[in-house]
Amino acid sequence: MRRTGNKSLILTGATSGLGSALAQLLSVSGSYRLILLCRNERRRAELIGRFGTDDVHYVVCDLAVLESVREAAAELNNAVHAGDLGPIGSVVLNAGIHPGRRPGSAYGGLDSTMVTNLIAPHLLLALLSPSLAAEARVVFVGSGAHGRRRWWTGLPEPSGLPLAQACLPGALGGPQAYVTSKRGTVELCRAYSERVPDDYAVLSYDPGIMPATGITRNMNGLSRWLFRSILTRFENSEGFSTPERSAAWLHEFLTRGDTAPGLAYAKIDRYLPWPTASSTEAARALYHETNEIAGITAGLVAPWWFEAGHPPSD
């Protein structure tokens, strides 16, 4: 279907799970010019095979490599400035990895899970901030794992280490890096809401437990068995979902005309109160730490990025 608006939407993690289901809905609705960020050329070719090139734009961007993020953001900003792409109306930071038991490392000597799930998406949003349109919508896809330990997932509690230390390879095991990075997405959304223009909507989104997705590929054997053999039977139970169900709710948030501006938290298909474990002070500290690790400076971003205008409402 031909798109009905001139704004662009950037989506990461479109090759599987929630991102794939959301990309499908957006390609049909035509509400945005869809821009899909692909980890490599092979993933790009896969997505072109699904969606074609008429109304979908593709950019190779490996979120484990901060320099790749910088290159992708520069390409997109140049395209918007030249008029080849419309202003960016929405950014959906969905891509994420679970590395299993072993931590990983990325270019620059940083843990790949912390970079892919937290540092790189933040850097991408920062660098794209000058190209965001009025009434922009920012979505950071997190996980219920940020809240508390759940033994049956094999996931521990998030780490309390300073971010710079938590990002060092080997500082955290894979599962703890995962939950720590997912908690960080919640805090960063809170910090964004203090700074963005008043007409922006910022959503911290928990899509629910989706047992059939590829996030389990690197979990331990017990967790994989639980997810694939047992938990898939609970897809319609409280706290569980499917990529299609969660994508449908998120699609409505992104496309409806009366989405309220400001900060929001939602899980699966409903808004919820802001997580009680989150605090304004922690969010501000994490925001500044992430800026420093990602090398974000005032000359690279929109003016509001370093201006805390108003406190978020809980």
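Which residue of strand 4 stands opposite Ser8? In the predicted model described here, in which residues are numbered from 1 along each chain as its sequence is written, local features need pLDDT of at least 70, side-chain atom pairs count only at pLDDT 80 or more, and totals for chains, interfaces and linings use all residues. Side-chain values use heavy atoms, with hydrogens and water left out. The residue opposite Ser8 is Ile88.

The protein contains nine helices and eight strands, where helices (H or I, at least four residues) and strands (E, at least two) are DSSP runs numbered from the N terminus. Of its 314 residues, 55% are buried; buried denotes under 20% relative accessible area, exposed over 50%, and partly exposed in between, with a 1.4 Å probe and protein chains only. The accessible surface amounts to about 13300 Å², and carbon and sulfur atoms account for 51% of this area; accessible areas come from the Shrake-Rupley method with a 1.4 Å probe, and for residues only the protein chains shown count as cover. Among contacts between residues at least 6 apart in sequence, 73% join residues at least 24 apart, a contact being heavy atoms within 4.5 Å.

The eight strands form an open sheet of mixed pairing, in the order 3-2-1-4-5-6-7-8. From one strand to the next, the twist averages 25°. Helix 2 (residues 41–51) packs on this sheet and touches strand 2 (33–38) and strand 3; the direction of helix 2 makes about 170° with that of strand 3. For these angles, axes are lines fitted to C-alpha atoms, for helices over the stretch in contact, and angles run from 0 to 180 degrees between N-to-C directions.

Strands of a sheet pair through backbone hydrogen bonds, in either a parallel or an antiparallel manner. Two strands are taken as paired if DSSP finds at least two bridges between them. Strand 1 (residues 8–12) is joined to strand 4 (residues 88–93) in the parallel sense over four bridges, and five bridges join strand 1 to strand 2, also in parallel. In the latter pairing, Leu34 of strand 2 is the bridge partner of Leu9. Six of the six residues of strand 2 are buried, so strand 2 is largely enclosed by the rest of the structure. Arg33, Ile35 and Leu37 point one way from strand 2, whereas Leu34, Leu36 and Cys38 point the other way.

Ser8, in strand 1, is buried because its relative accessibility is 0%. A polar atom of the Ser8 side chain lies 3.0 Å from the backbone oxygen of Gly86. A polar contact is a pair of N or O atoms within 3.5 Å; within protein, one must be able to donate a hydrogen and the other to accept it, and residues adjacent in sequence count only if both atoms are side-chain atoms. Not counting residues up to four places away in sequence, Ser8 touches several residues, including Tyr32, Arg33, Ile35, Gly86 and Ile88.

Ser129 counts as buried because its relative accessibility is 2%. The side chain of Ser129 places a polar atom 2.9 Å from the backbone nitrogen of Ala302. Beyond residues up to four places away in sequence, Ser129 touches Val301, Ala302, Trp304 and Trp305.

Ala266 belongs to strand 7 and is buried, since its relative accessible area is 0%. Its contacts, not counting residues up to four places away in sequence, include Leu203, Tyr205, Asp206, Trp249 and Tyr271. Trp249 is one of the buried residues of helix 8, among them also Leu250, His251 and Phe253. The 13 residues of helix 8 (residues 243–255) should span 18 Å at 1.5 Å a residue, which agrees with the 18 Å between its end C-alpha atoms; the expected span is 1.5 Å times one less than the number of residues.

Positive phi values occur in residues other than glycine. Glu135, found in strand 5, has a phi near 60°. Ile268, in the loop between strand 7 (262–267) and strand 8 (270–272), has a positive phi of about 60° and counts as buried at 5% relative accessibility.
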